[in-house]
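Here's a quick briefing on the fold you're about to see.

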Amino acid sequence: MLTNPRDFAALQREGISRSHPLIHARFRRTELGTTRFGLSTGRRLGGAVVRNRVRRRLREALRVMAPSFQPGWDVLIIARPAIVDADRDVLVGAVRRLLRRGGVLEGPAI
């Protein structure tokens, strides 16, 4: 996971963006052998319980796709308010679609 503020700043400065009604993502190519993720759940989503639930759901969606990740990416996923009411299949589909469009997942871009 991304934790260093310098990594988040580099994503903002050098990363490319892709959007979906449920989430917004920023991607940055790195020289590392792994793909790292950062999750952002702002207060617009709701209270702490709601934000924690959204983070858990996003981590689970990423866990399902982990074997298909291309190495060498930093990804910041920013949750939008519509994600709170989205069901699991819609959430996983949105994450998969954005990761393919960003080049992190193997397979054709959608």
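A contact here means heavy atoms within 4.5 Å. Keep in mind that this is a predicted model. The protein has three helices and four strands, and along the sequence they come in the order α-β-β-β-α-β-α.

**Overall build**

- The radius of gyration is 13 Å, which agrees with the value near 13 Å for a compact globule of 110 residues.
- Along the principal axes, the C-alpha trace spans about 35 × 30 × 20 Å.
- Buried residues account for 41% of the 110 residues.
- Among contacts with a separation of 6 or more, 76% are between residues 24 or more positions apart.

**Surface and charge**

- The protein's accessible surface is about 6200 Å², and carbon and sulfur atoms own 50% of that.
- On the charge side, there are 22 positive and 9 negative side chains.
- The centres of those two sets of charges sit 5 Å apart.

**How the strands pair**

- Start with E1 (residues 16-19) and E2: they run antiparallel and are joined by four bridges.
- E1 and E2 make a hairpin, with three residues between them.
- For a landmark in that pairing, look at Ser19, whose bridge partner in E2 is His24.
- Next, E2 (residues 23-29) pairs with E4 in the antiparallel sense, over seven bridges.
- Arg26 marks the spot here, with Leu76 as its bridge partner in E4.
- On to E3 (residues 35-40), which pairs with E4 in the parallel sense over six bridges.
- Thr35 is bridged to Trp73 of E4.
- So what about E4 itself, residues 73-79: how many of its seven residues are buried? Six of them are, and the strand is mostly covered.

**Phe37, a residue in E3**

- Phe37 lies in strand E3.
- Is Phe37 buried or exposed? Phe37 is buried, because its relative accessible area is 5% and the cut-off for buried is under 20%.
- Beyond its neighbours within four places in sequence, Phe37 is in contact with Met1, Leu2, Leu62, Phe69, Val75, Ile77, Leu99 and Val104.
- Met1 from that list is 36 residues away from Phe37 along the chain, yet their C-alpha atoms are separated by 4.8 Å.

**Two loop residues**

- Leu32 lies in the loop between E2 and E3.
- With a relative accessible area of 39%, Leu32 counts as partly exposed.
- Setting aside residues up to four places away in sequence, Leu32 touches Pro71 and Gly72.
- Leu32 and Pro71 are 39 residues apart in sequence, and the C-alpha to C-alpha distance is 7.2 Å.
- Gly46 has its place in the loop between E3 and helix H2 (48-65).
- Gly46 is also partly exposed, at a relative accessible area of 26%.
- Where Gly46 and Asp87 are concerned, 41 residues lie along the chain from one to the other, and their C-alpha atoms are separated by 17 Å.

**Worth a second look**

- Follow E4 on the model: E2 pairs with it in the antiparallel sense, while E3 pairs with it in the parallel sense.
- Then pick out Val75 and Ile77, two of the residues in contact with Phe37.

Definitions and conventions:
Residues numbered from 1 in each chain as written. Predicted model: local features only at pLDDT ≥ 70, side-chain atom pairs only at ≥ 80, totals over all residues. Heavy atoms only, no water. Rg over C-alpha atoms; globule rule 2.2 N^0.38 Å. Buried < 20%, exposed > 50% of the residue type's maximum accessible area, 1.4 Å probe, protein only. Areas by Shrake-Rupley, 256 points an atom, 1.4 Å probe, with all protein chains shown as cover. Lys, Arg positive; Asp, Glu negative; His and termini not counted. Charge placed at Lys NZ, Arg CZ, Asp CG, Glu CD. Pairing = 2+ DSSP bridges.
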